[in-house]
Amino acid sequence: MIENGWNQFEIGSVLRPFSGEVSDVSVIQPEDRLYSASNSFSVSVADWRIEKPLFKKELCIDCQFCWIYCPDMSIISRDKKMIGVDYDHCKGCGICVQVCPTTPKALLMFPEQADEEIELAQWPKKETQETKEN
Amino acid sequence: MSQVKTKNLKNFSTSADRFEGSNLLCPGCAHSIIVREVLNATNDHLILGASTGCLEVCTAVYPHTSWDVSWIHIGFENGSSAIAGAEAMHKALKNKGRLKQPDLTPKFVTFGGDGATYDIGFQWISGCFERGHNMMYVCLDNEVYANTGGQRSSSTPIGASASTTPAGRISYGEKRNKKDIMAIMAAHGAPYVAQVAPNKWRDMVAKVQKGFSIEGPVFINAMSACTTEWKFAPEDTIAISDLATESLVFPLYEIIDGTKLNITYRPKNVLPVRDYLGAQGRFKHLFTKQYEYIIDEWQSRVDAKWEYLQRREDACV
């Protein structure tokens with residue numbers, strides 16, 4: 001489908017999000033799905049980001065606020081635990097950092113080019129960043 | 001189909017999203033937060049429709065689709081009738097015994113922006129509600145035609161600066177008040193009409209599930225804070241939504257069978273409307289000597305509306 005231009009798109013044809021047969025997508029997590037090339041999941045918007053959220057596991061209380069309020073399905077939660085950020089689909093809006101309730105926050109925004117290991121090592125001890133009132 | 005557990009957020013977070021990333025919605029857009037909360041509220045099969053608007057334009061960019069379920073878009077005005085048609089066909093095939101899996105109970109949901117709901121598609125929605133299709137209409141109310149560059153819609157509130165009602169020396173922006181779509185849809189005698197906001201996820205998911213369990217047309221008006229046209233930073237989407245619900249600019253309530261009104265969220269500390277207006281760039285001009293009276297008018301309008309809702313809830317009419 002992708003090789004053809006939009007004007008070669010046949011009337012009545014369907015863009016299929018999955019390759020092959022899918023039984024019940026509502027209980028299959030993304031890592032077990034057979035995405036087709038027509039699914040927007042197979043492309044990345046990582047180049048939209050100016051700042052990226054970094055996640056410090058030790059501070060997380062698994063409240064899942066970041067999961068529910070993420071507009072880009074980029075907070076990966078499995079078995080009620082927050083396990084990381086999907087940097088292929090994160091647009092860097094920063095909502096996850098704003099809604100994070102811990103002090104210091106388990107998620108903070110850093111410039112896109114920041115090194116993850118260095119920033120995780122020197123994570124702020126107290127709330128040094130100016131947090132806006134929610 | 002297994003029931004979705006929404007007792008708490010940890011349980012809810014085990015749901016598998018059926019809406020995919022890398023759509024072209026702005027960073028911090030509330031549309032996809034609403035879509036996720038609606039789609040995760042059920043494990044049943046979904047048949048979705050969309051009217052033209054930000055959501056449709058950004059999630060179906062050829063040759064990609066962001067939807068993992070059946071999804072159809074036809075025009076600006078007829079997202080509702082497209083889904084009504086699908087629902088009617090499903091019913092007809094079921095009655096004729098021609099469905100391959102007759103025991104499935106797919107849910108028919110359609111999404112439209114406030115332009116497609118309040119203005120352009122209104123006649124079609126009204127028709128669907130009059131005919132009584134078993135479907136849910138979700139209005140993503142961002143109070144402006146955000147997709148085409150921020151023109152005013154009939155949902156734009158008084159004082160907002162939109163591109164066709166710009167604020168300046170002689171005008172304070174939009175001059176007419178927002179249409180009361182909830183009362184209009186309830187007047188159709190719809191079994192369930194509810195107003196929701198994405199920051200109150202539990203309230204929203206409960207209302208959506210209630211809507212799914214009801215036979216007949218359901219209308220959901222979801223506030224969708226627009227970072228681009230309301231002019232606030234993308235990370236503040238939830239904070240602005242909180243301000244809207246706490247200041248009662250956007251009260252959360254439901255109307256059952258067109259008459260019985262329930263208020264589902266009462267803020268502990270009601271914030272002044274000034275806080276909500278001050279957080280957004282589209283109301284910046286109201287904080288000048290010339291237009292300050294608009295804020296006081298606004299506050300009295302919100303108070304009157306809240307008073308009315310409470311009286312109606314008490315009266316059970």
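## A salt bridge within one helix

Lys91(B) and Glu87(B) form a salt bridge, and their closest N and O atoms are 3.5 Å apart. A salt bridge here is a side-chain nitrogen of Lys or Arg within 4 Å of a carboxyl oxygen of Asp or Glu. Both residues sit in helix α4 (residues 79-96) of chain B, four residues apart, so about one helical turn separates them. An α-helix has 3.6 residues a turn, so residues three or four places apart point the same way. Helices (H or I, at least four residues) and strands (E, at least two) are DSSP runs, numbered from the N terminus.

Lys91(B) counts as partly exposed because its relative accessibility is 40%. Glu87(B) counts as buried, at 4% relative accessibility. Buried means under 20% relative accessible area, exposed means over 50%, and partly exposed lies in between (1.4 Å probe, protein chains only).

## About the model

This is a predicted model; local features need pLDDT of at least 70, side-chain atom pairs count only at pLDDT 80 or more, and totals for chains, interfaces and linings use all residues. Residues are numbered from 1 along each chain as its sequence is written, chains are lettered from A and ligands numbered from 1 in the order in which they are written, and side-chain values use heavy atoms, with hydrogens and water left out.

## Salt bridges across the sequence

Over all chains, the structure holds 20 salt bridges. One of them joins the side chains of Glu31(A) and Arg78(A), at 2.8 Å from N to O. Glu31(A) lies in the segment before β1 of chain A, and Arg78(A) lies in strand β2 (residues 75-78) of chain A, so the pair ties together parts that are 47 residues apart in sequence. Glu31(A) counts as exposed, at 51% relative accessibility.

In chain B, the side chains of Lys305(B) and Asp180(B) meet in a salt bridge of 3.2 Å, N to O. This pair links distant parts of the chain, 125 residues apart: Lys305(B) is in helix α11 (residues 293-315), and Asp180(B) is in the loop between β4 (136-141) and α7 (181-186). Salt bridges that share partners also join Asp141(B), Glu143(B), Lys178(B) and Arg282(B) into one network.

## Surface patches

Lys57(A), Lys80(A), Lys81(A), Lys7(B) and Lys10(B) gather in a surface patch of positive charge. Lys and Arg count as positive and Asp and Glu as negative; His and the chain ends are not counted. Lys57(A) lies in the loop between β1 (51-55) and α1 (65-69) of chain A.

Trp48(A), Leu24(B) and Val61(B) make a nonpolar surface patch of about 230 Å². Patches are made of residues with over 30% relative accessible area and no salt bridge: like charges are joined within 9 Å, nonpolar side chains (Val, Leu, Ile, Met, Phe, Trp, Tyr) within 5 Å. Leu24(B) is in the loop between α1 (9-12) and α2 of chain B. Leu24(B) is partly exposed, at 38% relative accessibility.

## Buried parts of chain B

His31(B) is found in helix α2 (residues 30-39) of chain B. At 3% relative accessibility, His31(B) counts as buried. Leaving aside neighbours within four places in sequence, His31(B) has contacts that include Leu25(B), Cys54(B) and Ser224(B). Contact means heavy atoms within 4.5 Å.

Helix α6 (residues 122-131) of chain B has the buried residues Ile125(B), Gly127(B), Cys128(B) and Phe129(B). The buried residues of α6(B) pack against α4, α5 (114-120), β4, α7 and β6 (218-223) of chain B. Gly132(B) follows α6(B), and the phi of Gly132(B) is positive, near 75 degrees.

Note on methods:
Areas by Shrake-Rupley, 256 points an atom, 1.4 Å probe, with all protein chains shown as cover. Charge placed at Lys NZ, Arg CZ, Asp CG, Glu CD.
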